[in-house]
Amino acid sequence: MRNLCILLFSCLMACAYAVEPTTVYLYSDAKPNGNGYAPTDEYTGNFGEIYQTSEPRIDLYLPKNAGNAPLLLVCPGGGYRYTSVVNEGLKVADFFVPRGIAVAVLKYRVPNQHADIPLTDAVRAMQLLRSNASQWKINPRKMGVMGFSAGGHLAAMLLTQYGSAEARPDFGILVYPVISMDALITHAGTCRMLLGDNPTAEERAAWSAENWVTADTPPCFLVACQDDRAVPVENSIRFYQALTANKVTSEMLLLPAGGHGWGFARHFPQRELFETALLNFLSAR
């Protein structure tokens, strides 16, 4: 039954997209440090989510007949247990590609308590996209990162810990993101998958993205719901406060209701407001 569900799900997804993605493996020319999983360990859940990835890659969706298109590197959520590549990946492409924006869905390695692994993949993906911008007809000066939930933590770390000009996003979009490993506000499952059961105060501080914001952090757009019971809205507020303190151009949309995990597949009352604010932010970039 499980295999049948996956097959039907795959067929529905294939029918939903007129543009087939180009899949690019991040380390075709080198073997990176591992996260403890082997390629044969990877599997797909009933809703398309991917578990135990050991071979990180991007699915690149390009607008038809587009040249020099802006691009979003999308980091799906999943509590660092899996990557939610449909609701927070494929559906993101479905929204943006018809609007002339290329989308690269990052199927990053979950950390499995190897904390540096996801960020290594995000840095590599941005470098790869920028170095191949001419080939893929994307604009190397209009490349942003978008992250959801735990993927929002990954995106926030990339925005603040990119390490080189080639890996620096030009802007960031954080949707109901996990930001901090502070025990008072973090998402416990995300923290556990990243840092283990008993992280030290130093480890929590090192992997709290708000601590790394500087004046060189790219412009950011944040959105979260006040009734989010999974990831406290204080995560977004702390990051916004750090951006403001460092005079980084930023916008934050706090919605009264909507909860967590709505991504681009689920309707909620403020969706039109969210989409309008997001597109306005992007048009200014």
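The structure is a predicted model, in which local features need pLDDT of at least 70 and side-chain atom pairs count only at pLDDT 80 or more, while totals for chains, interfaces and linings use all residues. Residues are numbered from 1 along each chain as its sequence is written, and side-chain values use heavy atoms, with hydrogens and water left out.

The chain holds nine helices and 11 strands; helices (H or I, at least four residues) and strands (E, at least two) are DSSP runs, numbered from the N terminus. Its radius of gyration is 18 Å, which agrees with the value near 19 Å that a compact globule of 285 residues would have. Here the radius is taken over C-alpha atoms, and the globule rule is 2.2 Å times the number of residues to the power 0.38. Along the principal axes, the C-alpha trace spans about 45 × 40 × 40 Å. Of the 285 residues, 55% are buried, where buried means under 20% relative accessible area, exposed over 50%, and partly exposed in between (1.4 Å probe, protein chains only). Among contacts with a separation of 6 or more, 76% come from residues 24 or more positions apart; a contact means heavy atoms within 4.5 Å.

The strands come next. Strands of a sheet pair through backbone hydrogen bonds, either parallel or antiparallel. Two strands are taken to pair if DSSP finds at least two bridges between them. Three strands form an open, antiparallel sheet in the order 2-3-6. Strand 2 (43-44) and strand 6 (82-83) stand at its edges with a single partner strand each, so one side of each is left without a neighbour in the sheet. Strand 3 (residues 50-51) is joined to strand 6 by two bridges in the antiparallel sense, and Ile50 stands opposite Thr83.

Six bridges link strand 5 to strand 8 (residues 138-148) in parallel, with Ala69 opposite Ile138. Four bridges link strand 5, again in the parallel sense, to strand 7 (residues 102-107), where Val103 faces Leu72 as its opposite residue.

Strand 10 (residues 220-225) has six of six residues buried, so it too is largely enclosed by the rest of the structure. In a regular strand the side chains alternate between the two faces of the sheet. In strand 10, Cys220, Leu222 and Ala224 point one way, and Phe221, Val223 and Cys225 the other way. Strand 10 runs parallel to strand 9 (residues 172-175) over four bridges, and Val175 stands opposite Val223. Strand 10 also runs parallel to strand 11 (residues 250-255), to which six bridges join it; Ala224 stands opposite Leu254 there.

Two loop residues other than glycine have a positive phi. For Asn68 the angle is near 60°; Asn68 lies in the loop between strand 4 (57-61) and strand 5 and is partly exposed, with a relative accessible area of 45%. For Ser149 phi is near 55°; Ser149 lies in the loop between strand 8 and helix 5 (150-160) and is buried, with a relative accessible area of 8%.

Leu128 sits in helix 3 (residues 117-131). Leu128 and Leu26 are 102 residues apart in sequence, yet their C-alpha atoms are 7.5 Å apart in space. Not counting residues up to four places away in sequence, Leu128 touches Val24, Tyr25, Leu26 and Trp136. Ala205, in helix 7 (residues 201-206), is partly exposed at a relative accessible area of 36%. Leaving aside neighbours within four places in sequence, Ala205 contacts Asn211 and Trp212.
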